[in-house]
Amino acid sequence: MRFWLLDRICSFEAGKKLTAVKNVSLAEEYLADHFPEFPVLPGVFMLEAATQAGVWLVRLTENYQHSIITLQEARAVKYADFVTPGHSLTMTVEQTGEDDRHVKLKFQGEVEGRLSVSGRLVLERYNLADENPSQAGLDKRMIEYQRLTQDLLTRDMETIA
Amino acid sequence: MATEDEIFDKVREALVDALGVDDDEVTAEATLQGDLDAESIDFLDIVFRLEKAFDIKIERGELFPEDILTDTEFVQDGKVNEAGIAKLKERMPFADLAKFEAEPIVQNLGQQLTVKDMCNFVAHKLAA
Amino acid sequence: MRWFWIDRFTEFVCGSHATAVKGVSLSEDHMHEHMVGYPIMPNSLVTEGMAQAGGLLVSEQYGFGELVVLGKLAKAKFHSCVRNGETLTYHVKVDSVRESGAAVTATAHVGERLHAEALLFFARLGEETDPLDGARLFRPRDLQHWLSLVGVFEVGVKADGSPMQESDYPLEENVASS
């Protein structure tokens, strides 16, 4: 499968908040294993959806300053309800703090207004060239690609000033 | 022997870590379910952290006597009867049940549990 | 993508701890999508590896016959990047088993390098709290298949050190109605 845990970014407020949607479909292969008798979006994919929403909040806010943004820490991630095929998970991330290398966020995922997941996470951001200057070209190519994918996610995005 | 302040600090740390809340949200009066949004899975987490922090063993129903609340001898029409209240007081000497007594609806007991009750529970365990 | 995030158990001690390994390969689709140009294993899936190893260890404590799901990821911390060609080793330990659920602490290493640490809580969905209305996660046969793929009964031992027996659990051959 493709590793896209968001289908659409709905709204974006620089440095503050981003909301995105993940649709869950029985067409997704992994649902046959998770679980054979009860297909539901795996809990770690809710975490991945929150991470990807956070990554986009950072990228759009700082205009692609870093080629790598990864999940460094997750805390108090609580699964309140299952997300089953045919439903949409709406993920909202809010920035709660940052320093040069880290961005702290809290997140909440809902299905039709009902809470499915909530928690906090810390993203780490950097460029490969920070450690190894010869990688600067790769950083640049990665960021170019990331910019191209933005359009696929933001067609219907509302930017809040 | 841990002082009241030491107990509160460790309980607060456990709640901050388990619930992802901020330090200043954890006041003595804050209710676990109402103010701090603790859910049933969190109680597993909280109990686990308290056991580690204070080197104690917390058995099922000790902090929250769910067995009484599901016993028809003590509960009628969703309310805890007098015998049930007496039993709760015996099992929960660490909690202030005055408010619950005034309106002993089963669900209220969990919702009224405060950080202070939690600290008293730990002090009670440490003294035992 | 299939949903198998441990390749094999190398150790499985009922009620105590287990060790499992996962090889990270460029043949996995998601490696090409996560950070395009610089493949790394997504940390969410490292978490799933720890959750699958820990979840099976917990599930054994409830006789492999009940619904056990990840209820809370209390903490997960990641210290490095896991790249293609590396092998993750997951160590999981059951810290407490209660009526309502269980706590598992887990680590992920690449060789000697500590990559991840986590504290996970599994919820046991008993009859009163069962939101699935009597549904189940696996047919006994499917669960048996998974346990066999990852080698639980090949390396598994009971708390007293004697080998685990498949026939002790309600899996396909032992369940008439499946």
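**The nonpolar core**

Guide: The largest nonpolar core has 115 residues. Ala53(A), Met50(C), Val104(C), Leu120(C) and Phe122(C) have the most contacts inside it. Helix 1 of chain A gives this core its largest share, 12 residues. A nonpolar core here is a set of buried Ala, Val, Leu, Ile, Met, Phe, Trp, Tyr and Cys residues joined through C-beta atoms within 7 Å. Buried means that 20 or more other C-beta atoms lie within 10 Å of the residue's own; exposed means 12 or fewer, partly exposed is in between, and C-beta atoms are placed from the backbone. Helices (H or I, at least four residues) and strands (E, at least two) are DSSP runs, numbered from the N terminus.

The model is predicted: local features need pLDDT of at least 70, side-chain atom pairs count only at pLDDT 80 or more, and totals for chains, interfaces and linings use all residues. Residues are numbered from 1 along each chain as its sequence is written, while chains are lettered from A and ligands numbered from 1 in the order in which they are written.

Setting aside neighbours within four places in sequence, Met50(C) is in contact with Tyr90(C), Val92(C), Ala106(C), Ala108(C), Ala118(C) and Leu120(C). Contact means that the C-beta atoms of two residues, placed from the backbone, lie within 7 Å. As background, nonpolar side chains tend to be buried together in soluble globular proteins.

Now the contact between chains A and C. It takes 34 residues from chain A and 35 residues from chain C. Helix 1 (43-62), strand 3 and helix 2 (136-153) of chain A each give two or more residues to the side of chain A that touches chain C. Strand 3 of chain A brings the largest share of that side, 11 residues. By class, the side has 20 nonpolar, 5 polar and 9 charged residues. Ala, Val, Leu, Ile, Met, Phe, Trp, Tyr, Cys and Pro count as nonpolar, Asp, Glu, Lys and Arg as charged, and the others, Gly among them, as polar.

Strand 3 of chain A also pairs across this contact. Its partner is strand 3 (residues 68-78) of chain C; the two run antiparallel and are joined by 5 bridges. Pairing needs at least two DSSP bridges between the strands. One bridge partner of strand 3 of chain C is Ala76(C), which goes with Ala74(A).

Next, the contact between chains A and B. Here 5 residues of chain A are in contact with 5 residues of chain B. On the chain A side, strand 3 (68-79) and strand 6 (114-126) each supply at least two residues. Strand 3 of chain A gives the most, 3 residues. That side has 1 nonpolar, 1 polar and 3 charged residues.

Step back to chain A as a whole. Its 2 helices and 7 strands run β-β-α-β-β-β-β-α-β from the N terminus on. Its radius of gyration is 16 Å, close to the 15 Å that the globule rule gives for 161 residues, so chain A is as compact as a globular protein of that length. The radius is taken over C-alpha atoms, and the rule is 2.2 Å times the number of residues to the power 0.38. Of its 161 residues, 39% count as buried.

Chain B has 7 helices and 2 strands, in the order α-α-α-β-β-α-α-α-α from the N terminus on. Buried residues make up 33% of its 128 residues. In helix 7 (residues 115-127) of chain B, the buried residues are Val115(B), Asp117(B), Met118(B), Cys119(B), Phe121(B) and Val122(B). They pack against helix 1 (4-19) and helix 2 (40-54) of chain B. Helix 2 of chain B has its own buried residues, including Ile41(B), Phe43(B), Leu44(B) and Arg49(B). Asp55(B) follows helix 2 of chain B, with a positive phi near 55°.

Definitions and conventions
The expected span of a helix is 1.5 Å times one less than its number of residues.
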